[in-house]
Amino acid sequence: MPLDANKKRVFKVIGTRPARPDGIDKVTGRALYGADATAPGMLFGHILRSPHAHALIKSIDTSAAEALSGVKAIITSKDFGLPDDSSVLDVQDNCMAREKVLYDGHAVAAVAATSAAIAKKALKLIKVDYEALPHVTDVDAAMRPDAPIVQAGRAMDDLPAGLSENVTYHFEFGHGDMDAGFDKADKIVERSFKTAATHQGYIEPHACLASMNSDGKGELWCCTQGQFFVRELCADILEIEASQLRVTASEIGGGFGGKTTVFIEPVALALSRKSGRPVKIVMSREEVFRASGPTVSSSSDVKIGMTKDGRITAAHATFRYQGGAFPCGTVQFGAQSAFAAYDLDAVQTIGWSVLTNRPKEAAYRAPGAPMAIYAVESVVDELCQELGLDPLDVRLKNAAQKGTKSSYGPTFDDIGLKATLEAAVAHPHYTAPLGPNQGRGLSCGFWFNFGGNTCVSLNVNFDGTVGITEGNPDIGGSRASISLMAAEELGIPYEKVRTIVADTNSIGHNDITDGSRVTFAVGLATIKAARDAKQKMCARVAKIWDIDEDAVYWEDGYAKPSGPNAGTFDPMSLEEIAAISAETGGPIAGHHEVNADGAGVSFGVHLVDVEVDPETGATEVLRYTVFQDAGKAIHPDYVEGQMQGGAVQGIGWALNEEYIYGEDGRLQNPGLLDYRIPVASDLPNIDTVILEIPNPGHPYGVRGVGETPIVPPLAAISNAVSRATGLRMSELPMSPPRVLKALSAKG
Amino acid sequence: MKNIHVSTTINGDPTEFICAPDESLLDVLRDRLGLTGSKEGCGSGDCGACSVTVNGRLVCSCLVLGAEADGAAVETIEGMAQGETLHPLQQHFIDGAALQCGVCTPGILVAAKALLEKNPNPTDTEIRYWLAGNLCRCTGYDKIIKAVQSAAAEMRGA
Amino acid sequence: MVKVAIWGSLRTATDGKAEVEADPGTFKQILDQLVVDYPGLEPQIKRGVSFALDGKIYRDAWFTKINDDSELVLMPYMVGG
């Protein structure tokens, strides 16, 4: 649905910052999250996990555990079928290992018992006979022809000679004459980079409560970013009909992409089916680290040529991503986003996807993009340093804009990159003085944003209030934004609208809360549903006034006669129309179902000042400013919140966070003490500058804002560290020992 | 091992429960008393989502045994509002959008309240170090620090 | 004719061509035509493709009209965080 033609529109409630509808529940502890539900007769489910990175399962003996008093059901992979769809089978195999365990923490059996203590005791009584196999956890090592093969039969077609069967996927794309481009360059920089796998780090571990009857009817309560996707996956895995499984999304304690698949839900349903009792499973933090979905780790090579005056003449990148023990396509998004910020005549991008003995990756905020853009923005910055050019000036000189053929193919429509860069140039942060051992870095960031399948129902209640039913878990204030858009469209106060997130049997399918789609797509459907309701209210009023329907129009919360010819009638408010709706034809509701298109891409620029301690190698973030195009900020607090939260996740990725595997292929830091996410004392305030370059694909101009902010911090901080120390770091995280080592080597 | 009978005070109310000797106060609150406002994010004292006070001292309830509550006064998030009146911290967290997913919020509110009782006029840095044991993954802490400051100002009558 | 840009890994199915031609019509008609012209594309099209039409990304949308002068880029089916 295109941007409303009247671009000078003055919004009444859009852009204000009212209290969120779930606020009181969340500050009083009343909000119910995944682990907060119970059911009568509930059993406690616990999962036995592999201590090996890679091993054959020769046998599983559950007899001693079954004999333990209080144990009501035990399942292994034998309790599941073999789905035809290989993507479903991969999810199922990840939830419960079949023939081999593929990573440290891979589930092999599960127990449901009358108490958590009995369930844990029973796990110790299960005897699994493993035959350990050689393992590989590093992306480059996994590509070598002599690497242990993680899963046979998954190699890409036409696997090039000299590569391991672990290589599942390869592509190349780009345009222009690369050789001619590099010939024109005054300076070429070519570098290789590595980034560690990181975890989304949501504070709420995965949790669910499942109740499954022998007639195939089930109820599932879980923390997820998409109850409909959970229903479809679980129904496929358990071989039941989707309509018979009702999935209710709890309040969600963070997701960031990590709750876009299932890990424990099919296991809890299977245990419930076998025991005939409700079963609750809550992951421990260690299980979250070992057996949910972190992001990919990467290895990449980037080569860029530039003229003396800062024009990029050619750009080439090769990205190698491992996504754990199952095929994953994340490298595509990395490769496609890598050069999105630049208008290039010659660009080529190559991607490789590789299996390793690590947990299956899950999406993490702008999946694939941060590590690719980190490599590219590091090289662009190094060229600026080598050529003595201003890094914002160079980015402006090469910036993609409307009409630019992007490196991944499409030609951009209205985009906010140049405006964002100009805002950074004009900001006092960019010219503030720096002290010793301090440096300033910057980076651009990008994400595609999606629309997708969306249903919204809008009910006009008899008392003149409005209820909205939608199907996307509220992960960062979206109920407030949706209520705001309905209030704006209907011309009623925000407080008159209440938005709820419905279960799978109360509204039609909604895609996952992902891709920064909710405020865009659910907002769009809400606006359309409100327009549907307005049309119906106008029709009622036309009947009351006994005039034609098209002689009534809606303005500022009132149905009004369209002109002198329509007659002179006092405008009727929504409240008045609602109060007599029973008498005029029955309840009034609007609804809209759509596969929303037209999500606008999102660009951001981050500026950061750091100080590197030469004694310890520790990097302190002193000042941080995020500039981002939001299209139209519906509830600016929550737009800023996305910008700040994403930036801090990126800061953690740049400086501290990493999955550390030992020689034995086991994860060495599966806890929040050793996997260190940023804490309050690590950080300064995160300043934000919201730009509003309307997205032509949304009636109010909304763009998704959630993902882009995690992209720039990796390179921005690396570039700042480089300017503070004279060192070009090429591996993340830039933890103190790594920086100290580089400082010592430099001497 | 036999369960232990514990008499305690929770949010001002006399409360009795039995628990296993190795059962954490967090499990008692959540599983035996239905006080699920305190959350378990790690079970190892690293995330602070289970923060409560015991005799006025801020603790991670996952690291305290249920049995240790005997004779003590425990305060949880459920006791923070007085009837319909929110504590100024709760109100400023809502008004300042200092929460996104909200799962860390109860622990952060309990911890911030304990700070302001000790230090009614903290600097940003003091707030940041006091809350360093409470992880938030959504907000980047910015709006949390600001909400604590504005609540503190209101409580000082500023 | 509409020019359809084919993303990297699909080019093995189009004899290495980065761009192929199709008659204007709906997105579905163009997909059907591509499957006839390049049978190797069928598995990926069945798995799901996104496309960018004049710079905007669409995830499904069979009945979207693709005009002669449209820029159509086939893309992998998008996922996000």
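Across the interface of domain 1 and domain 2 of chain B, the rule finds four residue pairs in polar contact, both residues being at pLDDT 80 or more; a polar contact here is a pair of N or O atoms within 3.5 Å, where, within protein, one must be able to donate a hydrogen and the other to accept it, and residues adjacent in sequence count only if both atoms are side-chain atoms. Strand β3 (residues 51–54) of chain B gives the most to the side of domain 1 that touches domain 2 of chain B, with three residues; helices (H or I, at least four residues) and strands (E, at least two) are DSSP runs, numbered from the N terminus. This is a predicted model, in which local features need pLDDT of at least 70 and side-chain atom pairs count only at pLDDT 80 or more, while totals for chains, interfaces and linings use all residues. Residues are numbered from 1 along each chain as its sequence is written, chains are lettered from A and ligands numbered from 1 in the order in which they are written, and side-chain values use heavy atoms, with hydrogens and water left out.

The two parts of chain B can now be placed. The domain assignment of chain B gives domain 1 as residues 4–79 and domain 2 as residues 88–155, with bounds that come from an automatic or database domain assignment. The C-alpha centres of domain 1 and domain 2 of chain B lie 21 Å apart, and twelve residues of domain 1 of chain B are in contact with twelve residues of domain 2 of chain B, contact meaning heavy atoms within 4.5 Å. Between them the two domains of chain B bury about 940 Å², 67% of it on carbon and sulfur atoms; buried area is the accessible area (1.4 Å probe) that two parts lose on being put together, summed over both. On the side of domain 1 of chain B, the residues that lose the most area to domain 2 of chain B are B:Cys47, B:Leu58 and B:Ile77, together 46% of what that side buries. The count of salt bridges between these two domains of chain B is zero, a salt bridge being a side-chain nitrogen of Lys or Arg within 4 Å of a carboxyl oxygen of Asp or Glu.

Within chain B, strand β1 (residues 4–10) is joined to strand β2 (residues 13–19) by seven bridges, and the two run antiparallel; two strands are said to pair if DSSP finds at least two bridges between them. In this pairing B:Ser7 stands opposite B:Glu16 in β2(B), and in the hairpin of β1(B) and β2(B), which has two residues between the strands, B:Asn11 takes a positive phi near 50°. The strand β1(B) also pairs with strand β5 (residues 73–75) of chain B, in the parallel sense and over two bridges, and here B:Ile10 stands opposite B:Val74 in β5(B).

The rule finds four salt bridges across the interface of chain B and chain A, and B:Arg30 forms a salt bridge with A:Asp36, the closest N and O atoms being 2.7 Å apart.

No contact joins chain B and chain C, whose closest C-alpha atoms lie 13 Å apart, whereas 22 residues of chain C are in contact with 37 residues of chain A. The area buried between chain C and chain A is about 2,200 Å², with 55% given by carbon and sulfur atoms, and the count of salt bridges between chain C and chain A is zero. The largest share of the side of chain C that touches chain A, four residues, comes from β7(C).

That strand belongs to an open sheet of five strands in chain C, in the order β2-β1-β7-β4-β5 and with mixed pairing. Because β2 (19–22) and β5 (56–58) of chain C stand at the edges, each with a single partner strand, one side of each is left without a neighbour in the sheet.
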